[in-house]
Amino acid sequence: MNRSAAVLLPLALAATALTAAAPAQADEQPRKRYPVGGVADGVSNFLFSPNAVSGVNDWSCKPTAEHPNPVVLVHGTGVNLGANWVRMGPTLANEGHCVYAFNYGMGSPFNLGGRVGGLTGVAKSAETMSAFVDKVLAATGAKKVNVLGHSQGGMMPNHYLKRLGGAQKVDRLVALAPTNHGTTLSGLVNLGKALGLLGVVNSAFDHLNLQGLKDQEEGSDFQKALWADGDTVPGVRYTVIATKNDVVSTPYSNGFLKGDKVRNIVVQDQCPKNPVGHVGLFTDGPTTQNVVNALGADKPDFKPACEDYGLPF
């Protein structure tokens with residue numbers, strides 16, 4: 001070994017050792033892990049934590065290169081963000097997403113102190129969503145968000161996309177059993193029409209500020225106006241996840257969308273023994289796996305593990 005090599009070799013070894021011992025950069029530090037809830041937690045949050053859920057609404061969260069779009073969660077009719085997102089909120093946060101949620105449609109006298117949402121008019125609720133998305137984008141510096149909604153929460157964002165300029169701010173919309181194209185509510189809407197009672201019921205909904213229920217009826221004025229110009233808007237990727245056992249958003253196929261960049265999934269096509277119903281999707285194992293895929297790798301041939309099924313109603 002020559003003299004130069006004898007001098008340089010120890011220096012190189014020292015540099016290698018220092019590099020190996022150097023602490024990880026701040027953006028490489030592991031994120032906090034959040035506890036993932038189940039049905040009992042959903043019931044508890046409905047009563048005691050309607051405005052908060054684990055892993056959601058951390059306004060200091062910064063999107064990563066892997067997940068550049070924050071996820072905005074939109075709850076369904078009759079519930080709140082605390083109850084609806086006990087499983088998927090922390091799951092997505094643990095996957096590395098910045099996750100946010102808001103309550104809407106609480107203007108009815110039946111809101112039980114801010115616990116029962118989605119009751120008032122859908123168009124007004126979409127305005128609430130618009131303001132919230134702007135808040136998320138401002139806080140995170142992101143250019144777009146992804147949206148995950150359940151029931152009315154899967155349908156209402158379409159008004160935001162199509163009528164309030166949301167298409168420029170949303171990359172992906174994932175909808176669980178959405179009331180797209182309206183629901184017959186297991187035939188009750190059709191029965192009301194046949195008996196000439198639906199108009200009376202809808203007048204009562206208007207009087208009690210329950211227009212959100214009327215807007216979701218199959219054939220309502222709101223539904224006709226929303227879908228008059230087609231199902232989708234350019235630039236947004238859509239995933240609809242439905243269950244054949246749905247008795248709320250019926251027929252379940254009404255929730256499906258037609259257009260470019262649309263994937264319609266029936267959970268029983270993947271897991272034939274899955275008994276999950278409309279409500280049960282919020283903690284259903286295969287549904288959660290599909291959501292993680294749709295908001296992550298987005299593999300078109302994804303197949304979930306058939307286990308940990310949700311409630312059968």
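The chain on the screen contains 12 helices and 6 strands. Please bear in mind throughout that this is a predicted model. Its C-alpha atoms fill a box of roughly 100 × 40 × 40 Å, taken along the principal axes. Of the 313 residues in the chain, 50% are buried. Among the contacts with a separation of 6 or more, 78% are between residues 24 or more positions apart.

There is one annotation to mention at this point. In an unreviewed entry, UniProt lists residues 69-181 as "domain: AB hydrolase-1". Over residues 69-181 the chain is 37% helix and 19% strand, and the end C-alpha atoms of that stretch are 28 Å apart.

Let me turn to helix α12, which covers residues 285-294. Is this helix largely enclosed by the rest of the structure, or largely open? Of its 10 residues, 8 are buried, and helix α12 is therefore largely enclosed by the rest of the structure.

The next topic is the disulfides. How many disulfides does the chain have, by the distance rule applied here? The count comes to 2. Counting the bonded cysteines along the chain, the pattern is 1-2, 3-4.

The torsion about the S-S bond is about -80°, so the disulfide of Cys61 and Cys98 is left-handed. As for accessibility, buried means under 20% relative accessible area. Cys61, at 9%, therefore counts as buried, and Cys98, at 1%, is buried too.

The other disulfide joins Cys271 to Cys306, with a distance of 2.1 Å from S to S. Cys271 lies in the loop between α11 and α12 and Cys306 in the segment after α12, so the pair ties together parts that are 35 residues apart in sequence. With -85° about the S-S bond, the link of Cys271 and Cys306 is left-handed. The two ends of this link may be described in turn. Cys271 is buried, with a relative accessible area of 0%, whereas Cys306 is partly exposed, with a relative accessible area of 40%.

I now come to the largest pocket. About 700 Å³ of space lies within it. Its lining consists of 32 residues, and those nearest the centre of the pocket are Thr77, Ser151, Leu185, Val248 and His278. Which elements give two or more residues to this lining? They are α2, α3 (81-84), α7 (188-194) and α8 (198-207). By residue type, the lining divides into 20 nonpolar, 11 polar and 1 charged.

Ser125 is found in helix α5, residues 122-140. At 1% relative accessibility, Ser125 counts as buried. Apart from its neighbours within four places in sequence, Ser125 is in contact with Tyr104, Gly105, Thr120 and Met156.

Asp215 belongs to helix α9, residues 211-215. Is Asp215 buried or exposed? Its relative accessibility is 10%, so Asp215 counts as buried. Leaving aside its neighbours within four places in sequence, Asp215 has contacts with Gly121, Val122, Ser220, Phe222 and Gln223. The C-alpha atom of Asp215 is separated by 9.1 Å from that of Ala123, a residue 92 positions away along the chain.

Ala228 is found in the loop between α10 (221-227) and β5. With a relative accessible area of 66%, Ala228 is exposed. Between the C-alpha atoms of Ala228 and Glu127 the separation is 20 Å, and these residues are 101 residues apart along the chain.

To close, I return to two points. Helix α12 is largely enclosed by the rest of the structure, and Cys271 and Cys306, which form a disulfide, lie in the loop between α11 and α12 and in the segment after α12, respectively. Thank you for your attention.

Key: Residues numbered from 1 in each chain as written. Predicted model: local features only at pLDDT ≥ 70, side-chain atom pairs only at ≥ 80, totals over all residues. Heavy atoms only, no water. Buried < 20%, exposed > 50% of the residue type's maximum accessible area, 1.4 Å probe, protein only. Helix = DSSP H or I, 4+ residues; strand = E, 2+ residues; numbered from the N terminus. Disulfide = S-S within 2.5 Å. 1 Å grid on protein atoms, 1.4 Å probe; cavity = no way out; pocket = protein on both sides within 12 Å on 5 of 7 lines; lining within 4 Å. Points joined across faces, edges and corners; volume = space filled by probe spheres on them. Nonpolar A, V, L, I, M, F, W, Y, C, P; charged D, E, K, R; others polar. Contact = heavy atoms within 4.5 Å. UniProt positions renumbered as here; feature names shortened; annotations may be inferred.
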